[in-house]
Amino acid sequence: MTVTELSVESSPSNRLTRGSLIRLRFMRNRLAVAGVVILVLMFVAAFIGPFFSPYRWDELDFEALLQAPSSKHWFGTSQIGGDVFALTVRGLQKSLIIGLLVAVFSTGLAAVAGGFAGFLGGKVDRSVMWMIDALLVLPSFLIIAVMSPLYRGRTWLIFVVLLAAFGWMVTARIVRSATMSLRERDFVRAAQYMGVPARKIVFRHLLPNVASILIIDATLNVGATILSETGLSYLGFGVQPPDVSLGSLIAEGTASALTYPWLFMFAGSALILTVLAVSFIGDGLRDAFDPGSNKSKKKVGKS
Amino acid sequence: MTLSVASNLIEIRNLTVTFPSEAGIVRAVRDVSLDIRAGEVLGIVGESGSGKSVMSLSMIGLLAESATVTGSISYDGVNLLSLGDNAMSKYRGKDIAMVFQDPLSALNPVHTIGRQISEALHIHNDISKEAALARAIELLEIVGIPRPAERAQSYPHEFSGGMRQRVMIALAIANQPKVILADEPTTALDVTVQAQILDVLKTARDMTGAAVVLVTHDLGVVAGLADRVAIMYAGKVVEIGNVDEVYASPAMPYTIGLLRSIPRVDAVGSSRLTSIEGTPPSPVALPPGCAFAPRCPAAAPQCDAEIPVLAAVSPTRLTACVRQQEIQGLQTSGRLFRDGPSHVAAPVSGNAVALEIRNLKKTFPLMKGSVLRRRVGSVFAVDGVDLTLREGRSLALVGESGCGKTTTLLEILNMVAPETGTITVLGRNVSELSKKQRLEMRKDLQIVFQDPFASLDPRLPIGDAIAEPLDNFGMPKSEQDQRVMELLELVGLQRDHASRYPAEFSGGQRQRIAIARALALNPKVLALDEPVSALDVSVRAGVLNLLAELQEKLNLSYLFVSHDLAVVQHVADDIAVMYLGGIVESGPVEEVFARPQHPYTQALLSAVPIPDPVVERVRKRVILQGELPSPANPPSGCRFHTRCQIRASLPAEVAARCVSDRPELDSRHASRVACHAPLN
Amino acid sequence: MLNYLVKRVLNFLIMVVLASTLGYVLSSLAFDPRANYQGANPPIPESTINAKLDNLGVNPARPLVGRYLDWAGNVLTGDFGVTVGEQRVNEELSRRIWVSLRLLVLGSVIGSLVGVVLGVVSAVRQYGATDRAASVLSFSLLSTPVFLLAILLKFGAIDLNNRLGTTFFFTIGEYSADFTGNGWDLLVNRLQHLILPTLSIALGGIAFYSRYQRNAMLDVLGSDFLRTARAKGLSSRQSLFRHGLRVAILPMATFFAYSFGLLVTGAPFTESIFGWNGMGSWFIVAVQSNDINSVSAVIVFSSVLVLLSGLLADIAVAALDPRVRLR
Ligand SMILES: Nc1ncnc2c1ncn2[C@@H]1O[C@H](COP(=O)(O)OP(=O)(O)O)[C@@H](O)[C@H]1O
Ligand code: SF4
Ligand code: SF4
Ligand SMILES: [Mg+2]
């Protein structure tokens, strides 16, 4: 990222560079930092946790059915003797991977679609916008649920592709309007008059300049994706058994959650904490990149 | 120390305003003491960031909450700084009123104009709704809004910028204030509108008898209006006094440099400009002593040792300079500032034509609706433009915003066949170029834009930005570096700047970078779109001088687009005046400036304020009536006939032709003019 | 203006047609209605299955284009076909629409009103205790999926009921099936059923609106025209309420349109968790039972709802903002 590249040693004054300012502002935001810590812990739990767990997630302990948390089964066991810790960690892993993959894909798609639509304008723009409008008429949740039989029994990557394919529209709109205003900026005009081709202008000048929007949106998209993924999985339209996600774990746990709270409590908390952490980070990034956006800016007249 | 005069309305003592910021403490106003006398016009002049706005906002108690303010501002025996928001609001609008810079955003978009003015009356008076509205309409009439009763029902977005500024003045005088603070009231406006607004401001003062504090960066604007003027630099008043005295014999080096660095529209022949080196200091990292020391040609060690305080140089003038005594001597011996090159015009005839435009037209569809847009008409942005730029010369295209200058420029640079007319660059008609030839042609025609903060990609080190055109035309990487270094030196920057990002440079430096980039491919023609109007006054001269040097060194032809006639007078050989999409007059600069043929040219020239109080006060002004008509619905016949100042006094038969026939550009004397009744 | 309206309505219709086509085609491609009858014991003869599928109009043996055209033709005459359970879709539709609308309209109205007020208060008291509490609340709510929120509300209510010793909150259905009273009592009973599902929809809205309203309000706080209002002599509080509020509310109308999509997504969870027989719970059952006709009906319903909210938002903006009104 350009944030780090921006710090140039031989700065004439001791002004702060943009990169270090952003870092400084982000670090000052306690919630955002807490978000990073929580998210790191979640990743550690999801990817390193399994190595320390005495049980595998698909292993059944027939001697311990519906046991409360203990030193043997840290988070207790399920009706059929599954280790809830191993299951939760596995579900967390799946939800995190899906969240990340979809966020990267959909933001990338949004960047390209929004970038070209905004820069080229005209027919390209109209058709992209029309497609976005059409896709926004139907909540993506409904479409993906309808298509869920298509990936039942196949790889979960199809699910990822669908989530990404129906999750890029709002970001694309934002990118589009940002590029549309950048397009009128003189450095883009100058490049045009130097004969730089459109593709190069979009990738070299426009997208790097909306990088902050892309980073913020990618972050927030991780949270949004985890919310839709778990929702679909909760209803059985997402991650398919035997595999588990936080959503399907919660669905299985709720039936008897009043008497056996550990069945759903851990997965539920992991879910809320993860999404909360991601939105704190996204918000912190927004504040850091564009301090005016969220704060009071009772300004004094420009010169 | 201040000069004391009996009737001080406002006394500012040791005012210091600071703001916290990430980079450190911003010292916006530093220990300023100043009086405002009843009924006077006090001009406060300074570059952007010098603390003018902060000072005026502190007088009306509207500083940001983050501000730390010390010192005192007394009005009517009360220290305004000690008042809370509720107590202070009794004074705001009643005793102290304010007109802000940007009229477009200063009015509430969802309430009618009438309602916003009546509200100002209701706040401080106990009057009925009807009476308030009637008075609001009266006020609109006073500030020159036609059909005031009807317009009172309109919303701000239905008003032009100039009209909204009139509304702001109406708001300011609604309650007969004692002081009107006007913070850059005309900066966002065109010169002819600026002349109108300054006129309205005068009316407002005569009517209310209020003191006016006129804050501006333009030494010309205050010259004709102010009684006294205060010059600010880096948060301090560095010179203050009687306006004639300050302009005629400035005593502080900054004032001296500033006055010598601004071009004058009434200059005769080729003028020379002084450029002040460097840029104003950052308000978070001020020099220890005199803030001007890093740029001051007279700076001596003692300047860094102490902060100079205002001291009297005459009964009516104070100056803050440690070497006050010696300055006069330095100045007369010519050791203070060196003048830049004077502009030498290339010979008129015999030169090949670099750029020729004939009957260029460009219309934009006029769209309406936000969801389903539809075409409801056409905007005639450029409607029959003729231009000729000869090699080695500078042609200035001037006109007010919205007249079609930029569209003309962009049409030329697009290098595609225009809607109507022909564009010939270096002897080749652009309509006949193949794609490859067009790309090749781009090498010869490059552009420098107005806003140096927008014209460089903030994410690209400037070396890469300058190399972009080279790269694009296939220069090997190894040679690119060499060329980038050459270019940096050519525009007066250092080689090691190449790896830095635009954010690390000031406006003037960035404009130099943009010039270097435009020169990378050795173009023959350079289009300059308002190249200095976004720059601080004190750095403009430097860039203008650079452009003059480069032209001579590289034999460049300039197409110089500008709204600033003083700058045009300084740099251009030829001028073309544009009004509502068409050229109304063109010819050599000296000729057109000395003997304008077209009424619009005359009005435009007379609207430009001259930084000389003596000239300014006696000068007879033509103040145009009305506003620029919409290019979507241009007037018939002569486009200018709705505002023409001479048409009323023409014989009826000619006046009728003005409405029915569009005049052609006709040769008269040395210039060409499109008017049925040329002036000279 | 008339011209504009005509075009707007036309666009609306095109979008509905597109959405319903997408719904029908996708579900026809994804669903296997035959599976509903296979593997039964005793096995159902192939010819019977075919007859049943033909009756529903979803027999994959026929080309999709033909099936779609039949369906679309029927829908145009107001007939949405037959469910897998061999009920008329129209009947289900007319029963369930009101169940869902009651929930959605009430939820979104409460959500937007409370959210806007909370947002304004937060902005005015920026960084104060209210602001911080509201921020934490909305962040938490926005990070909790609807299904989890509904489950938590349900468990919380059951817990509360247990503590109170009476059933104050009902967690299943729209009203008690064995309830015999009428008039006032019936209303109270219905309200007791309504509170939790409405809350689970409204809470998300409150979080959403309060964040956006807070930002919009802060933008306005820094605006030039508010400074002008203060320069006229209004105190900062007066200027805020007389000038700031109206402008800051404008963008909310647009968000209203967006948030409706969110609500429509939330309904299936809320309805199924609280046992309401609305469109959302129908959708879930229909997907699970390969019911192409029912799914398509729900999709037509939600696209109309989303588009309608967009239209309402435009009208609201035009009414509030003179810059748009003069189109
Ligand atoms: N609200 C604020 N917060 C922080 N810094 C400010 C604020 N208002 C003004 N400044 C700083 O104070 C200095 C003087 O500003 P200003 O009075 O606006 O200058 P001028 O009007 O002369 O252009 C500038 O450096 C500006 O950035
Ligand atoms: S005090 Fe020194 S540096 Fe400052 S203006 Fe005077 S001579 Fe120049
Ligand atoms: S043609 Fe007539 S209206 Fe136009 S400028 Fe000349 S005198 Fe004025
Ligand atoms: Mg200012």
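Author: Buried area is the accessible area (1.4 Å probe) that two parts lose on being put together, summed over both. This is a predicted model, in which local features need pLDDT of at least 70 and side-chain atom pairs pLDDT 80 or more, while totals for chains, interfaces and linings use all residues. Residues are numbered from 1 along each chain as its sequence is written, and side-chain values leave out hydrogens and water.

Reader: What makes about 4,100 Å² the buried area of chain A and chain C?

Author: By the definition, the value is accessible area lost, summed over both chains; 75% of what they bury lies on carbon and sulfur atoms. On the side of chain A, the most area is lost by A:Val137, A:Leu138 and A:Val146, together 15% of what that side buries.

Reader: How do you know which residues of chain A and chain C are in contact?

Author: Contact means heavy atoms within 4.5 Å. By that test, 48 residues of chain A touch 50 residues of chain C.

Reader: How many salt bridges does the rule find across this interface?

Author: A salt bridge needs a side-chain nitrogen of Lys or Arg within 4 Å of a carboxyl oxygen of Asp or Glu. Between chain A and chain C the rule finds zero.

Reader: What makes the shell around ligand 2 nonpolar, polar or charged?

Author: A residue is near a molecule if one of its heavy atoms lies within 4 Å of it. Among those around ligand 2 are B:Met252, B:Pro253 and B:Cys290. Ala, Val, Leu, Ile, Met, Phe, Trp, Tyr, Cys and Pro count as nonpolar, and the shell has ten nonpolar, no polar and no charged residues.

How values were computed. Chains are lettered from A and ligands numbered from 1 in the order in which they are written.
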